[in-house]
Amino acid sequence: MATTRKSARTTPAAERPHPDATRRSQRSRQAIYAAALALVGEVGYPKTTIEGIAARAGVGKQTIYRWWSSKAEVLLEAFLDLGEQAVHAQGQEAPYAIPDTGDIAADLKAVLRATVDQLYDPRFEAPSRALAAEGLVNEQLGREFVAKLLEPSLQLHVDRLRAAQAAGQVRPEIDPRIALELFVSPLAQRWLQHTAPVSYAYTDTLVDYALHGLAPR
């Protein structure tokens with residue numbers, strides 16, 4: 001007598017539990033960001049490769065190429081993410097703006113002190129120096145660095161200076177984009193070239209000189 005074999009019921013693919021792909025992708029992105037920043041700080045931009053980033057992050061090279069087309073794109077996005085983390089760590093929300101307390105000097109001094117802290121944060125310092133140095137000889141990277149990272153930060157200072165103009169604290173004919181270079185550029189130069197120590201007292205003095213000038217009052 002023939003026997004009928006009972007087949008095991010298979011669960012349709014749509015009904016099977018599956019891992020959270022979004023969460024997995026985010027973990028991979030964070031690992032790639034961390035690997036890229038660490039490598040560029042350790043070996044410099046020229047020696048940082050997609051292969052090296054992938055190996056350090058524990059992901060396949062194709063995973064990186066699925067999201068970015070070059071190591072420059074990876075690094076720039078990693079820096080943007082690092083900046084957003086810093087903002088959230090301070091209890092602030094994006095989009096970030098320089099606080100307006102009504103005292104332009106106090107506000108600029110506060111943001112420059114925060115900038116000093118960030119410049120010497122180990123997570124920022126080595127990769128920041130590596131990218132800044134490479135941007136001097138790699139024009140394309142330099143342009144991207146300025147457009148995506150530096151210029152948005154400078155615009156925050158422009159916005160705060162314009163608010164000070166509206167409040168009568170800064171002369172109306174002043175060009176904010178030029179004015180901000182009186183305190184931002186000296187800080188950047190001293191930090192990049194190690195020409196002298198950088199301190200809160202130094203950045204406070206930059207703001208005083210920028211706002212009050214050098215001539216006798």
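Which side chain of opposite charge is nearest to K71, and how far away is it? I looked, and it is E134, 6.9 Å away. For charge, Lys and Arg count as positive, Asp and Glu as negative; His and the chain ends are not counted.

Notes on the model. This is a predicted model, where local features need pLDDT of at least 70 and side-chain atom pairs count only at 80 or more, while totals for chains, interfaces and linings use all residues. Residues are numbered from 1 along each chain as its sequence is written, and side-chain values use heavy atoms, without hydrogens or water.

I checked confidence next. The chain averages a pLDDT (the predictor's confidence in each residue, from 0 to 100) of 86, and 85% of the residues score at least 70. Residues 1-14 fall below 50. Where pLDDT is low, the predicted coordinates should not be read in detail.

Back to K71. I placed K71 in helix α4, residues 71-89. A polar atom of the K71 side chain lies 2.8 Å from the backbone oxygen of T48. Beyond four places in sequence, K71 is in contact (heavy atoms within 4.5 Å) with Y45, P46, T48 and I50.

Then Q165. I found Q165 in helix α7, residues 139-166. Q165 is buried, at 17% relative accessible area. Its side chain has a polar atom 3.1 Å from the backbone oxygen of R171. Among the other contacts of Q165 beyond four places are V170, P172 and I174.

Notes. Helices (H or I, at least four residues) and strands (E, at least two) are DSSP runs, numbered from the N terminus. Buried means under 20% relative accessible area, exposed over 50%, partly exposed in between (1.4 Å probe, protein chains only). A salt bridge is a side-chain nitrogen of Lys or Arg within 4 Å of a carboxyl oxygen of Asp or Glu. A polar contact is a pair of N or O atoms within 3.5 Å; within protein, one must be able to donate a hydrogen and the other to accept it, and residues adjacent in sequence count only if both atoms are side-chain atoms.
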